[in-house]
Amino acid sequence: MAMKMPSAERLEQKEARPFTEEHIGMTELLPDFRMDLRNPDPAGLDRFIKANQVHDWSLLTWKDVGRPHRVEEMAKTRTDWESSHQKTMSVHHSWEHFNRSFHEWFVKDVPKEFKENRSSLARHLLRFNLKEVKAGLGETLRLSLWNYAQRIEDGVWDPRGKRALFQGLDVHKPRILFLGAAEGYEAMQLTAMYPGGEVVLVDYDEFCKTDRYGDFPNTYPFLGSNPVTGNAKVWYKDEMNIHYIVDDIRNLSFGKEFDIVISVGLLEHFPDEIKNEVMEWHRKFLKPGGYAILTTPRNQWRTRFYYHVMADVMNYMYRELMNIEQMGLYVYENGFDILRHGFIKVHNGIVAQPR
Ligand SMILES: C[S@@+](CC[C@H](N)C(=O)[O-])C[C@H]1O[C@@H](n2cnc3c(N)ncnc32)[C@H](O)[C@@H]1O
């Protein structure tokens with residue numbers, strides 16, 4: 001019997017949404033990211049988070065936990081800019097640099113770049129161009145680290161760790177507000193797990209809307225749930241109800257209307273005297289009973305090494321690396337009860353509610 005040819009429309013959709021429920025349980029290393037649809041069963045997710053080690057936050061003091069580690073090394077672009085302008089780069093301007101520089105890495109075809117690096121290194125070596133050889137070796141080191149952190153380990157997005165942190169929330173079709181959203185990854189993961197609601201991404205850098213979120217691959221499969229059957233389902237960015245607001249978080253005029261307010265890598269960019277303001281941002285838009293979710297990068301040697309090797313890509317602004325006890329104390333002391341806390345591959349994570 002002759003096989004029925006798929007229609008052009010079906011083929012187009014397959015290209016745009018290459019993974020379906022048939023791929024659940026699988027992972028594959030793609031040129032720019034890892035597709036990871038493993039571990040669909042929520043019960044098995046707990047092994048991807050080291051959770052709930054502190055039993056009573058009221059007993060913990062700063063004397064017990066020590067202070068966060070401050071990353072002092074700055075990107076050369078920033079130090080050059082500051083010495084030529086004879087002033088400090090503003091926080092907003094620093095984020096603009098960071099977002100452009102970080103984004104370049106997300107869109108790399110890593111195997112192709114490795115190949116190109118190798119052949120240009122060989123050319124420079126043959127001609128004894130030592131300056132270029134040194135620069136090429138630095139680039140190869142950064143590429144290897146990125147390949148490991150983002151593709152092989154999948155530590156930046158860490159879908160299984162994030163799902164472990166986000167699971168078990170008592171929400172139905174939630175409205176989700178992402179503060180300092182950049183590309184918006186975690187809110188997309190949340191809305192895949194708790195579908196049918198709305199996502200509002202907020203970032204004051206327009207580039208985040210146009211490029212970081214705009215270029216986020218439509219082909220990235222998020223493992224979530226099917227609202228009709230409750231079974232696992234693969235979701236894509238273009239199936240989600242997402243709005244992007246380009247503005248300062250301080251200007252938002254929302255009331256207490258969100259079920260979830262999330263930030264990823266925001267709290268550690270503010271020194272202690274501003275941390276209460278940042279925590280207030282997480283409180284003021286939450287409905288009663290809503291959840292604040294925060295993650296920050298862990299203070300571990302691998303992370304410190306990453307921010308050293310990737311300094312010219314990442315280090316444009318004030319940054320602390322903390323452990324989960326330090327992060328938890330900031331959250332607890334600023335008036336939140338901590339419902340779940342723990343660490344995943346490279347992040348600390350907390351789910352909390354205003355007291
Ligand atoms: C470190 S990024 C978040 C980490 C992100 N997941 C990433 O991959 O880059 C923090 C984001 O918050 C934004 N941001 C910082 N302060 C803000 C403010 N006051 N209002 C709006 N956006 C802000 C920055 O522009 C930046 O895109």
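Reader: If a residue counts as near a molecule when its C-beta atom, placed from the backbone, lies within 6 Å of it, which residues come nearest to the ligand?

Author: This is a predicted model, in which local features need pLDDT of at least 70 and side-chain atom pairs pLDDT 80 or more, while totals for chains, interfaces and linings use all residues. There are 16 residues around the ligand, and those that come nearest are Trp-95, Gly-180, Ala-182, Tyr-204 and Gly-265. Residue numbers start from 1 along each chain as its sequence is written.

Reader: And which elements give two or more residues to that shell?

Author: These are α4 (91-106) and β6 (198-203), in a numbering from the N terminus of DSSP runs (helices H or I, at least four residues; strands E, at least two). The largest share belongs to α4, with 3 residues.

Reader: How does the shell divide by class?

Author: Around the ligand stand 9 nonpolar, 3 polar and 4 charged residues, where Asp, Glu, Lys and Arg are charged, Ala, Val, Leu, Ile, Met, Phe, Trp, Tyr, Cys and Pro nonpolar, and the others, Gly among them, polar.

Reader: Switching to helix packing, at what angle do α5 and α6 pack?

Author: Helix α5 (residues 110-126) packs on helix α6 (residues 130-152) at about 160 degrees, and their axes (lines fitted to C-alpha atoms over the stretch in contact, with angles from 0 to 180 degrees between N-to-C directions) are 10 Å apart. The two are therefore roughly antiparallel, the word for angles over 145 degrees.

Reader: Which residues of α5 meet α6 there?

Author: With contact meaning C-beta atoms within 7 Å, the α5 side includes Phe-114, Leu-121 and Leu-125, and among the α6 residues they meet as a group are Val-133, Gly-136 and Leu-143. The contact of α5 with α6 comprises 6 nonpolar, 6 polar and 4 charged residues.

Reader: What about α7 and α8?

Author: Helix α7 (residues 159-166) and helix α8 (residues 185-193) cross at roughly 60 degrees, their axes coming within 10 Å. Pro-159, Lys-162, Arg-163 and Phe-166 of α7 face Glu-186, Gln-189, Leu-190 and Met-193 of α8, a contact with 4 nonpolar, 1 polar and 3 charged residues.

Reader: Last topic, how far apart are the domain centres?

Author: The C-alpha centres of domain 1 and domain 2 are separated by 33 Å. Domain 1 covers 49-70 + 158-354 and domain 2 covers 108-152, bounds that come from an automatic or database domain assignment.

Conventions
Parallel < 35°, antiparallel > 145°, perpendicular 65-115°, else oblique. Contact = placed C-beta atoms within 7 Å. Near = placed C-beta within 6 Å.
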